[in-house]
Amino acid sequence: MKKWTYAAAAIAIGGVVAAGAAAVSAEDKPMLTIDGETFTTHVKVPDDHPLAPEVISGWEYRTRETQALELDDFQNPAFLAVEQGEELWSAVDGSEGKSCESCHGDAAESMKGVRANMPRWNEAANKPWTLEEHINSCRKDRMGAEPWKWESSEMLGMTAYVGLQSRGMPMTVQTDGPMASWIEKGKELYYTRVGQLDMACANCHVDNYGKYIRADLLSQGNINGFPTYRLKWQGVGSLHRRFKGCMDQVRAKPYKRGSDEFVALEAYLASRGAGLSVETPAVRN
Ligand code: HEC
Ligand code: HEC
């Protein structure tokens, strides 16, 4: 059944998935070490996990050159965004005359671990909130400021800066209680074929990771590095931009950034990738 799916998928995308090109061999495994701290880029998982035997960070699938950019914060081009986020952290904005710092103090303390368990259930909204939604809720309701657009440089800078405070921590999203049905919905979407090419996320990222699609080595599509600097974008982009790009590739009509569908996908992928180190801000091609 799985073989058939792969064959159909390869035909659907014009046979561009090259079989058997596993580029990540065990003895050749590079290590992601930043400032002396080694990150978890692969996690052993039980047989019933969709990615068994291992969940693997997208970092392992990139070329040595691209990998190297993430090893050194001075070379990592995403740090321009981080710097912008850091400046915004202490910038007063809105009718209440407050900055993030007025309430949250030192981000290294107050934001530590926040990115690692996103999206997080919000009782009042009765849905999971992404990091973007938490930030905009503070801007609107607590600062009296305009919310930032999802893909604005301000929002990307702030999510990169806040995310950095969790770098190296394991992804641990809540999976029980009210989160369970969102994760289930995300999983359903992940396995649903869409678009003119009639492909599901899983056809590429579960059935074919480790193989080439055109010039690109397919990873498992994990989300532990977002927001991420992409060489192709020549800038930092959000997770939902990446989702949209993948839906464009199969010529499906993409869901909107912040839509329930993308939040559900995010929740599912956060749970599927549990244990991987947060790499925010990662570098990918
Ligand atoms: C036609 C194949 C294909 C399909 C279908 C596809 N993607 Fe991708 N995706 C890619 C390629 C190619 C990349 C870039 C290389 C990589 O990391 O796999 C990518 C990258 C990603 C990444 C970034 C991984 C990282 O480490 O930064 C995520 C997340 C992702 N995809 C999620 C999805 C989701 C969610 C769907 C379904 C809505 C989807 N993809 C459908 C081909 C696909
Ligand atoms: C007037 C005080 C105030 C300001 C200003 C403020 N926040 Fe918050 N923020 C809060 C409170 C209160 C919470 C909820 C904490 C909780 O539920 O435990 C919160 C929650 C958050 C969260 C969710 C994570 C967590 O620790 O609960 C994030 C992320 C966040 N704020 C980021 C920001 C950012 C970024 C800014 C500036 C753009 C900002 N906040 C400005 C008071 C504020």
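Does asparagine 126 count as buried or exposed? I found that asparagine 126 counts as exposed, because it has 8 C-beta neighbours inside 10 Å.

**Ground rules**

I am working with a predicted model, in which local features need pLDDT of at least 70 and side-chain atom pairs count only at pLDDT 80 or more, while totals for chains, interfaces and linings use all residues. Residues are numbered from 1 along each chain as its sequence is written, and chains are lettered from A and ligands numbered from 1 in the order in which they are written.

**Overview**

I counted eleven helices and twelve strands in the chain. For these I use DSSP runs numbered from the N terminus: helices are H or I with at least four residues, strands are E with at least two. Of the 285 residues, 35% count as buried. I also looked at contacts (C-beta atoms, placed from the backbone, within 7 Å). Of those with a separation of 6 or more, 70% are between residues 24 or more positions apart.

Asparagine 126 sits in the loop between β6 (120-122) and β7. I place arginine 251 in the loop between α10 and α11, and it counts as exposed because it has 12 C-beta neighbours inside 10 Å.

I then checked for cis peptide bonds. One joins alanine 52 and proline 53, with omega about 10°, and proline 53 lies in the loop between β4 (42-44) and β5 (54-56). Another runs from phenylalanine 226 to proline 227, with omega near -5°; proline 227 is in the loop between β9 (216-217) and β10.

**Ligand 1**

Which residues come closest to ligand 1? I noted Gly58, Cys201, Cys204, Gly221 and Cys246 as the closest of 25 surrounding residues. A residue goes into such a shell if its C-beta atom, placed from the backbone, lies within 6 Å of the molecule. Both α9 (201-205) and α10 (239-249) supply at least two shell residues, and α10 gives the most, with five. By class I get 13 nonpolar, nine polar and three charged. Here Ala, Val, Leu, Ile, Met, Phe, Trp, Tyr, Cys and Pro count as nonpolar, Asp, Glu, Lys and Arg as charged, and the others, Gly among them, as polar.

**Ligand 2**

Around ligand 2 I found 15 residues, with Cys100, Cys103, His134, Cys138 and Arg142 nearest. The elements giving two or more residues are α4 (100-104), α6 (131-143) and α7 (153-164). Which of the helices gives the most to this shell? I read off α6, with seven residues. The shell around ligand 2 has nine nonpolar, three polar and three charged residues.

The buried residues of α6 pack against β7 and α7. Just after α6, I see glycine 144 with a positive phi of about 65°.

**A three-stranded sheet**

I traced an open, mixed sheet in the order β11-β10-β12. Strands count as paired when DSSP finds at least two bridges between them. β11 (235-237) and β12 (282-284) each have a single partner strand, so one side of each is left without a neighbour in the sheet. β10 (residues 228-230) and β11 pair antiparallel over three bridges.

Why did I call tyrosine 229 buried? Because it has 25 other C-beta atoms within 10 Å. Tyrosine 229 belongs to β10, and its bridge partner in β11 is valine 236. Leaving out residues up to four places away in sequence, tyrosine 229 touches Asn76, Pro77, Ala78, Gly235, Val236, Pro281 and Val283.

**Helix α11**

Last, I checked α11 (residues 260-272), which is mostly covered, with ten of its 13 residues buried. I listed β7 (127-129), α8 (179-190) and α10 among what covers them.

Technical notes
Buried ≥ 20, exposed ≤ 12 C-beta atoms within 10 Å, placed from the backbone. Contact = placed C-beta atoms within 7 Å.
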